[in-house]
Amino acid sequence: MITDKVFKGNFLNSPLARQTAWFFGLFSFVGFADSLYLTIEHYNGASVNCVITSGCDKVLSSEYAVMFGVPLPLIGVIYYLSVFSLIMFFLFTHSEKFFKAALLLSPIGFLASAYFVYLQVFVIKYVCFYCMISAASATALFLAACFLFFKAKKSGKETFSPISKNLVQPEKVK
């Protein structure tokens with residue numbers, strides 16, 4: 001499995017990984033604040049005024065704005081708060097398992113955001129400015145995770161799997 005060969009040695013405690021973690025913290029906080037605002041407005045029954053676009057109310061009141069009875073912004077709050085919490089735990093405890101978990105969550109947010117952007121543009125035919133902030137945050141997290149993944153793949157000799165706890169030693173060439 002490719003993830004078994006990614007995080008090498010002490011890579012997740014390198015300066016690059018720590019800078020990426022702060023980047024994760026920033027963008028997960030932006031996504032959290034954005035989603036929290038939309039969640040509060042949803043439960044208050046208030047209309048959301050778009051800043052740049054004009055479709056916020058249409059998107060947020062569409063049949064796609066709720067999944068399994070839960071408003072999508074609340075799911076966003078949970079997602080971004082999870083990523084933010086994991087990153088903060090990593091930064092203050094230096095335990096790599098928190099960073100690995102945050103990295104593994106990023107594709108989920110990205111794929112969900114890509115689907116929701118598709119719905120806005122091609123199905124609902126209106127775009128919500130605040131939804132796009134969330135999509136941009138999820139995309140930034142995913143791209144940062146990809147960047148770190150590929151940087152980690154090129155460095156070090158020992159590898160950590162982001163899924164297992166086992167240290168994997170590279171095979172020695174005879």
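A word on conventions before we start. Residues are numbered from 1 along each chain as its sequence is written. Because the model is predicted, local features need pLDDT of at least 70 and side-chain atom pairs count only at pLDDT 80 or more, while totals for chains, interfaces and linings use all residues; side-chain values use heavy atoms, with hydrogens and water left out.

Let's begin with the fold. The protein chain has five helices and five strands, where helices (H or I, at least four residues) and strands (E, at least two) are DSSP runs numbered from the N terminus. Going along the sequence, the order is β-α-α-β-β-α-α-α-β-β. Of the 174 residues, 40% are buried; buried here means under 20% relative accessible area, exposed means over 50%, and partly exposed is in between, with a 1.4 Å probe and protein chains only. Now for contacts, meaning heavy atoms within 4.5 Å. Among those between residues at least 6 apart in sequence, 78% join residues at least 24 apart. The chain exposes about 10,100 Å², by the Shrake-Rupley method with a 1.4 Å probe, and carbon and sulfur atoms supply 68% of that area.

Next, helix H1, residues 15-44. How far apart are the end C-alpha atoms of H1? They are 43 Å apart, which agrees with the 44 Å that its 30 residues should span at 1.5 Å a residue; the expected span is 1.5 Å times one less than the number of residues.

On to the cysteines. A disulfide is counted when a pair of cysteine sulfur atoms lies within 2.5 Å, and that rule gives one disulfide. Which residues does the disulfide join? Cys50 and Cys56, with 1.7 Å from S to S. Their link is right-handed, with 110° about the S-S bond. Cys56 is buried, at a relative accessible area of 1%. Elsewhere, Cys131 counts as buried because its relative accessibility is 17%, and Cys146 as partly exposed because its value is 23%.

The largest pocket has a volume of about 500 Å³. Of its 28 lining residues, the closest to the centre are Leu72, Pro73, Ser113, Phe116 and Ser134. The volume is the space filled by probe spheres set on the points. Helices H1, H2 (56-60), H3 (72-93), H4 (96-124) and H5 (129-153) each supply at least two lining residues. Which helix gives the most? That is H4, with 10 residues.

Leaving out residues up to four places away in sequence, Phe110 touches Ala138, Thr139 and Phe142. Phe110 and Phe142 are 32 residues apart in sequence, yet 6.1 Å apart in space, C-alpha to C-alpha. After H4 comes Lys125, whose phi is positive, near 65°.

Definitions and conventions:
1 Å grid on protein atoms, 1.4 Å probe; cavity = no way out; pocket = protein on both sides within 12 Å on 5 of 7 lines; lining within 4 Å.
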